[in-house]
Amino acid sequence: MRIYLPLATEDRVALESSAPRLELAARRAAWGVHAEALRDRPGQDVEDLEYEALQDAVHIAYRIGAADQRALVIAADVPDAAVEVSGEDGGAFGVVTAVPTQARIASFHVTELDAAAADADDTDPALLWFDASEGGAALAFLDDAAEA
């Protein structure tokens, strides 16, 4: 299952070392298109739902960061059995890791705008895409923007 994880402090080491995997603790919050979300939206395009799940993760990343910072979300793959629906507090696409698990990084997504500018904009935050091998570059872009 593809999940979307707002950047956490413990993720930075893996990203800086260009590791292709993340170690996720049990109960780590994430967003993804789980079976229940699919059942609730029959006939909807899965790619559109993936976009919605990614945007949910982006909004959470903005909420936990500073107003003058961009957000970074990690797209990663985990076994379906490793996650469970988080309930109402996670929204339509919220999941949590049911057990400690290893996630294979697929890509990184960094917002073009900081949280304050995105809040003033009435559209979904635009995202810059970084390949799984570009974790260090994604972090540098995020950090450079914060220092500017």
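Start by selecting Thr 97 and what surrounds it: beyond its neighbours within four places in sequence, Thr 97 is in contact (heavy atoms within 4.5 Å) with Leu 24, Ala 25, Ala 26, Arg 27, Arg 28, Ala 82 and Val 83. Before going on, note that this is a predicted model, where local features need pLDDT of at least 70, side-chain atom pairs count only at pLDDT 80 or more, and totals for chains, interfaces and linings use all residues. Residues are numbered from 1 along each chain as its sequence is written, and side-chain values use heavy atoms, with hydrogens and water left out.

Thr 97 sits in strand E6 (residues 94–97); strands here are DSSP runs of at least two residues, helices (H or I) of at least four, numbered from the N terminus. Its relative accessibility is 1%, so Thr 97 counts as buried (under 20% relative accessible area; exposed is over 50%, partly exposed in between, with a 1.4 Å probe and protein chains only). Zoom in on its side chain: a polar atom there lies 2.5 Å from the backbone oxygen of Ala 25.

Next, click Arg 27, in the loop between strand E2 (21–24) and strand E3 (29–32). Arg 27 isn't a glycine, yet its phi is positive, about 75°. With 52% relative accessibility, Arg 27 counts as exposed.

Now for the core. Select Ile 3, Leu 5, Leu 15, Leu 22, Leu 72, Ile 74 and Phe 108: they have the most contacts inside the largest nonpolar core, which has 24 residues (buried Ala, Val, Leu, Ile, Met, Phe, Trp, Tyr and Cys joined through side-chain atoms within 4.5 Å). Strand E7 (101–111) gives the most to this core, four residues.

Definitions and conventions: A polar contact is a pair of N or O atoms within 3.5 Å; within protein, one must be able to donate a hydrogen and the other to accept it, and residues adjacent in sequence count only if both atoms are side-chain atoms.
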